[in-house]
Amino acid sequence: MLEPLRQGLPPLDPAAVSDAASCSLPARYEAVREARQFTRKTCEQWDLDDRFDDVCLVVSELVTNALRHGLQACAPRLTGQEAPVRLHLMRWTGRLVCAVRDPSHDSPATRDADDFSAESGRGLLLVESFSDSWGWQPMRSGRGKVVWALFLLRPPGGE
């Protein structure tokens, strides 16, 4: 596996965004369920039901990583801040981007997949397997990072 896959999103024309939706997620593990529900509702509204399973799995992994690793490193600085994790879904004509923002500056790191009995540590491997590409980038404000996954969409009526 490549390390890191990409630093920033591949070129996307912001003016060509068809749809965008985002939600704030609380700093608790129930937020993963909330993220899946938000993703399901959004995919249904955008008529992307055929990609829902892959997108939902990737969103679950990105949000779980943000909660598990992104908040853990920043716990002392988060007092009083509500919803430190945010999920963004953006759709272009042929692409969907799922992006999860968290307050950590630490880059996401994949683990070796040698231990097949391990109950955790394979989230980014799943993200890589189910999306067409993924990566991360620091926030321009200097506060945190965004980890994203890109899905190529079939044209309407396409095979």
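Both D102 and K145 are buried, where buried means under 20% relative accessible area, exposed over 50%, and partly exposed in between (1.4 Å probe, protein chains only). The two residues form a salt bridge, with the closest N and O atoms 2.9 Å apart. A salt bridge is taken as a side-chain nitrogen of Lys or Arg within 4 Å of a carboxyl oxygen of Asp or Glu. The pair links distant parts of the chain, since D102 sits in strand 3 and K145 in strand 5, 43 residues apart. Helices (H or I, at least four residues) and strands (E, at least two) are DSSP runs, numbered from the N terminus.

The structure is a predicted model, in which local features need pLDDT of at least 70 and side-chain atom pairs count only at pLDDT 80 or more, while totals for chains, interfaces and linings use all residues. Residues are numbered from 1 along each chain as its sequence is written, and side-chain values use heavy atoms, with hydrogens and water left out.

Confidence is given by pLDDT, the predictor's confidence in each residue, from 0 to 100. The protein chain has a mean pLDDT of 80, and 72% of its residues reach 70 or more. Among the elements, helix 1 has the highest mean pLDDT (95) and helix 3 the lowest (89). Over residues 1-6 the pLDDT is below 50. Beyond near neighbours in sequence, this stretch has 12 contacts in the model, a contact being heavy atoms within 4.5 Å.

The strands form an open sheet of five, in the order 1-2-3-5-4, with antiparallel pairing. Two strands pair if DSSP finds at least two bridges between them. Strand 1 (19-25) and strand 4 (133-138) stand at the edges. Each has a single partner strand, so one side of each is left without a neighbour in the sheet. Neighbouring strands are turned by 15° against each other on average, direction ignored. Axes here are lines fitted to C-alpha atoms, for helices over the stretch in contact, and angles run from 0 to 180 degrees between N-to-C directions. Helix 1 (residues 30-45) packs on the sheet and touches strand 1 and strand 2 (85-91). The direction of helix 1 makes about 165° with that of strand 1.

Strand 2 and strand 3 run antiparallel and are joined by six bridges. A hairpin connects the two through three residues. L89 has C98 in strand 3 as its bridge partner. Strand 3 also runs antiparallel to strand 5, with eight bridges between them. Here A99 stands opposite W148 in strand 5. Six of the eight residues of strand 3 are buried, so this strand is largely enclosed by the rest of the structure. Strand 5 (residues 145-152) pairs with strand 4 in the antiparallel sense over six bridges. In that pairing, W136 has V147 in strand 5 as its bridge partner.

The largest nonpolar core holds 33 residues. Such a core is a set of buried Ala, Val, Leu, Ile, Met, Phe, Trp, Tyr and Cys residues joined through side-chain atoms within 4.5 Å. L25, V59, V63, L87 and L96 touch the most other members. At least two residues each come from strand 1, helix 1, helix 2 (52-70), strand 2, strand 3 (95-102), helix 3 (123-130), strand 4 and strand 5. Helix 2 gives the most, with nine residues. A second, separate core of six residues includes V97, A99, V146 and L150. In soluble globular proteins, nonpolar side chains tend to be buried together.

The salt bridge count comes to six. R51 and D132 form one of them, with the closest N and O atoms 4.0 Å apart. R51 lies in the loop between helix 1 and helix 2, and D132 in the loop between helix 3 and strand 4, so the pair ties together parts that are 81 residues apart in sequence. R51 counts as buried at 15% relative accessibility, whereas D132 is partly exposed at 43%. The side chains of E30 and R28 also meet in a salt bridge (3.5 Å, N to O). E30 is partly exposed at 37%, as is R28 at 41%.

The loop between helix 1 and helix 2 also holds D47. D47 is not a glycine, yet has a positive phi of about 60°. At 60% relative accessibility, D47 counts as exposed.
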